[in-house]
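Me: I'm new to this one and would like to go through it piece by piece. Could you take my questions as they come?

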Amino acid sequence: MQISMTINGTEVTREIEPRVLLVHFIRDDLRLTGTHWGCDTTNCGTCVVLMDGQPVKSCTVLAAMADGHTITTVEGLANGATLDPVQQGFMEEHGLQCGFCTPGMMLTARALLDHNPHPEPLEIREAISGQICRCTGYATIVRSIQWAAAHPAGATAETTEDEVHA
Amino acid sequence: MQIPAPFDYVRASSVDNALALLDRHGPESRVVAGGHSLLPMMKLRLARPDWLIDINDLYELDYLLVDGPVLRIGAMTRHTTLLESDDVRRLFPIITDAERVIADPIVRNRGTIGGSLCQADPAEDLSTVCHVLEAVAVVRGPNGERMLSMADFHRGPYETAVAQNELLIEVRIPIRARSASAYEKVERRVGDWAVAAAGASVTLAAVGTISHVAVGLTAVGLDRNVTEVEAVLVGQAPGEELFALAGRLAALACDPLADQRGPIDYKRHLADELTRRVLRVACSRAAASVFDLTLQEG
C-alpha cells in the first residue's frame, strides 16, 4: 500500500507492506536512524516520536496508521544549526551517558514543554515515566529538561543576555 | 524482531463504513483503535487477523458529554483525554484515579476507553471502573444499537458481548447526586499490569449513611462487582470498622492466581486493604461533595 506523511517538515510517500511498524519505516525505509529501536514491547520508550505533536511509541504504531499525519523525530528537533533548547539542556546538564534512550527522552521533553512550559520536577518525572534510562538514574535528565524550561530561547539568547548584564 | 503476520489494512471513514467493512471482510477481520493491546498481540502472533480495520479516523467517537443525568463517553476517547477532563474528575474521580495509573503517559496518548473495554483483559482497570459505575455500553451493529449493562457486556477474560459485525460506540455512566468514587492499584512499576486494584462508588443519604455502594476488584479473578459487601454497607454510617468488614468480604470473594506478580495470599491481602482504602476515600469525597452542595444551596 502507499502511504504519505510529513516527517520533520518534509512530505514523504512510500510503498509499504501494511504490517510495517512505524519505527522500522522511519529507520529502514527513511534511513532516519536517530529513532532507536529497543524493547519492541512498548516498555522502554527509546522509539518515541511525535505524531501530530504527541509522543507515541513507534514500535506500537503501524506506519500505515501514520499515513496523513505529521511525524517529528530527533532529527527534526534542531532548527538548522541551532539545537532545540531541550538538546542544549541535555548537553548543559549531562542528560545522557550512553545515549540510547536520549532521542525518545528529548522528544517527550519537547512535547511536555509545548504543553506545559514550566513543569514541576514531579511533572517531568511523570512525563518520562514510560521511558527507561539505565545510565543516569534520571536525575540529570530531569535537570536537563528543567534547563530547557528555563531557557525557552536556548543558550544563544541566554549568552547574549549574560553579556548585556556583564 | 517482532513483526505481525501479513494482513490487509483499511481505514474506516465512519461508523457505518466500519460496520460495512466488518461485514464484508468477515470473521478474520479485526478493528484496531489505539492498537496498544492488539498490535502487541499481533507482533507475538497471538492474533493473526487477515484484515485490520483502522477506526482512528472516527473523530465522531472522540467526545465527553455531560448529557442530563448521564456522562456520555465516545468509544474513541483516549486515556489522556479522560485523565485531563475536569468533568470526569468532578463527577467520577474513580476514572481520574484509574487513568493516572493506566499504562504510562505515552501509551495513554493512543489507548482508548473502547479498546480497553473490548480487550477485556482480566487486569484492565476501566472494566472494573465501568462495573463499579454501572456503566452502559452502547453497541452498534447492522440491525441498530443495543444497550448492555457491564454484566451483559463483559463476559469474562478477553471476552465481550460485542459480535464480530458490531462496534462499541459509546459508554454511558449515570450521574448520581451525593456520590463519589475512588480507585487504587498496586503495580510493580509504571506501565505494568496491576498486581491487584480496587474501585468503589458510594452514595450518601441525607443523614450521612451509605444509601448505595459498589465495589470492584481488578486482576484477582472476579469479573463482577463484589456484591457481598453491598448488604453489609447499605444503611450504615461510614467508618473504619465497616470498611474493614468490607475488605474481609472482598478478600473472600476474589479468586486470584499465583503468578510472577505475587502469591495468592498476598493478592487477597491487597484485595482487603485496597477495598478499605477506596471505600475510605470515596466516602470522604462523597461527604465533601455533599458539603459543597449544602454551601451552594445555602
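**Strands, domains and chain contacts**

Reply: Gladly, and we can begin with a pairing in chain B: strand 6 of chain B and strand 10 of chain B, residues 167–174, run antiparallel and are joined by 5 bridges. Please keep in mind throughout that this is a predicted model.

Me: Ok, which residue is the bridge partner of B:Ala137 in strand 10 of chain B?

Reply: That partner is B:Val171.

Me: And what about strand 7 of chain B, how many bridges join it to strand 6 of chain B?

Reply: There are 6 bridges between strand 6 of chain B, which covers residues 136–141, and strand 7 of chain B, which covers residues 144–149, and these two strands also run antiparallel.

Me: Switching to chain A, how is it divided?

Reply: Chain A has domain 1, spanning 2–76, and domain 2, spanning 85–156. Taken over C-alpha atoms, the centres of these two domains of chain A are separated by 21 Å. In the contact between them, domain 1 of chain A takes part with 15 residues and domain 2 of chain A with 12 residues.

Me: Which elements give two or more residues to the domain 1 side?

Reply: Those are strand 3 (48–51) and strand 4 (54–57) of chain A, and strand 3 of chain A provides the largest share, with 3 residues. By class, the side of domain 1 of chain A that touches domain 2 of chain A has 7 nonpolar and 8 polar residues, with no charged residues.

Me: Now the two chains, how many residues of each are in contact?

Reply: The contact involves 23 residues of chain A and 23 residues of chain B. On the chain A side, strand 4 and helix 4 (121–127) are the elements that give two or more residues, and strand 4 of chain A gives the most, with 4 residues.

Me: What classes of residue are on that side?

Reply: The side of chain A that touches chain B divides into 9 nonpolar, 9 polar and 5 charged residues.

Me: Last topic, how many residues of helix 2 of chain A are buried?

Reply: Helix 2 of chain A, residues 85–92, is mostly covered, with 6 of its 8 residues buried; among them are A:Pro85, A:Val86 and A:Phe90. After helix 2 of chain A comes A:His94, which has a positive phi, near 55 degrees.

How values were computed
Residues numbered from 1 in each chain as written. Chains lettered and ligands numbered in written order. Predicted model: local features only at pLDDT ≥ 70, side-chain atom pairs only at ≥ 80, totals over all residues. Domains from an automatic or database assignment. Contact = placed C-beta atoms within 7 Å. Nonpolar A, V, L, I, M, F, W, Y, C, P; charged D, E, K, R; others polar. Pairing = 2+ DSSP bridges. Buried ≥ 20, exposed ≤ 12 C-beta atoms within 10 Å, placed from the backbone.
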